[in-house]
Amino acid sequence: MNKAVFLDRDGTVNIEKNYLFKEDEFVFINGAVEAIKIFHDMGYKVIVITNQAGVARGYYSENDVIKLHHYIDDELKKYHTYIDTYYYCPHHPEGTIAEYSLTCQCRKPKTGMIEQAVADLNINLKESIIVGDKEIDIQTGKNAGIKYSILVRSGHLINESDTEADAVYDDLLSFAQVGFRDTILWSGEGK
Ligand SMILES: [Zn+2]
């Protein structure tokens, strides 16, 4: 089985912008690319899971989401790294586009995207980690039974005194450089 680092996208990998879908508004958070390389070097799949309610709200299309992910792939290729797979939820219960306006099983903190990744990539969640900038990412990790849930300060304002996260770091790279290696050591299961 494989182990994975599940990454939230906006506010964790790239700078948070409301309803981002344009390539020219996509900017990596400092160090995020290097962090992705570290996760791969340590033997983890790197999987993006992102809520994209902008599709349900009619701000952009599913095709726009896919195009942006291709753009991210092209950018990462320049640095000789990659995201293994992307999963996105286009739904929202109060959307304006009928086909996406529903209560689904994939919108975080529900676990549909994680379960799909487990099925597609044979992931062992007991060896896996989730990193995000919102408490819903942490809840997703807990709901799915992921071993470690890590909150980062690089996106939304967070309440560090009231989080269920296992740890909080400034950003993805500081987790990768400091916390990640420590986490592997704590677990005694860095296999
Ligand atoms: Zn969904």
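**Ground rules**

I worked on a predicted model, so to speak, with local features needing pLDDT of at least 70 and side-chain atom pairs counting only at pLDDT 80 or more, while totals for chains, interfaces and linings use all residues. Residues are numbered from 1 along each chain as its sequence is written, and side-chain values use heavy atoms, with hydrogens and water left out.

**Entry 1: the zinc site**

I began with the metal. Which atoms coordinate the zinc ion? I found C89 (SG), H91 (ND1), C104 (SG) and C106 (SG), at 2.1 to 2.3 Å. Donors here are N, O and S atoms within 2.8 Å of the metal (3.2 Å for Na, K and Ca); water is not among the atoms, so sites may look incomplete. Along the chain, the donors of the zinc ion follow the spacing C-x1-H-x12-C-x1-C.

I then looked at the geometry. The four donor atoms subtend angles of 103 to 118° around the zinc ion, which makes the arrangement tetrahedral. Four donors count as tetrahedral if all angles lie between 85 and 135 degrees. For reference, the ideal angle for four tetrahedral donors is 109.5 degrees.

I also checked the cover on two of the cysteines: C104 and C106 are both buried. Buried means under 20% relative accessible area, with a 1.4 Å probe and protein chains only.

I moved on to N51, which is found in strand β2. Strands (E, at least two residues) and helices (H or I, at least four) are DSSP runs, numbered from the N terminus. Is N51 buried or exposed? N51 is buried, with a relative accessible area of 17%.

Leaving aside neighbours within four places in sequence, I listed C89, C106, R107, K108, M113 and I136 as the contacts of N51. Contact means heavy atoms within 4.5 Å. A polar atom of the N51 side chain also lies 2.9 Å from the backbone nitrogen of K108.

**Entry 2: the nonpolar cores**

Next I asked which residues touch the most other members of the largest nonpolar core. Of its 32 residues, they are L7, F39, I129, V131, I150, F175 and F180. A nonpolar core is a set of buried Ala, Val, Leu, Ile, Met, Phe, Trp, Tyr and Cys residues joined through side-chain atoms within 4.5 Å. At least two residues of this core come from each of β1 (3-7), α1 (32-41), β2, α2 (62-78), β4, β5, β6 (167-169) and α5 (172-187). The largest share, six residues, comes from α1. I noted a second, separate core of 15 residues, which includes I49, A117, I123 and I130.

- I129 is in contact with A4, V5, F6, Y44, I146, Y148, I150, F175 and F180.
- I150, in strand β5, is buried at 1% relative accessible area, and its contacts include I129, V131, A167 and F175.
- F180, in helix α5, is buried at 0% and is in contact with V5, I38, F39, M42, Y44, I129 and F175.

I counted cover on α1 and found it mostly covered, with seven of its 10 residues buried. They are A32, V33, A35, I36, I38, F39 and H40. G43 follows α1 and has a positive phi, near 90°.

In α4 (residues 135-144), I found D137, I138, T140 and G141 buried. They cover an arc of only 155° around the axis, which puts them on the same side of α4; the arc is that of the directions from the helix axis to the C-beta atoms. These buried residues pack against β2 (44-51), α3 (112-121), β4 (129-132) and β5 (148-152). Just after α4, G145 takes a positive phi of about 80°.

**Entry 3: T163**

Last, I looked up T163, in the loop between β5 and β6. Its side chain makes a polar contact of 2.8 Å with that of E135. A polar contact is a pair of N or O atoms within 3.5 Å; within protein, one must be able to donate a hydrogen and the other to accept it, and residues adjacent in sequence count only if both atoms are side-chain atoms. The T163 side chain also reaches the backbone nitrogen of A165 at 3.0 Å.

Definitions and conventions. Buried means under 20% relative accessible area, exposed over 50%, partly exposed in between (1.4 Å probe, protein chains only). Four donors count as tetrahedral if all angles lie between 85 and 135 degrees; four count as square planar and six as octahedral if opposite donors are over 155 degrees apart and all others between 65 and 115; anything else is irregular.
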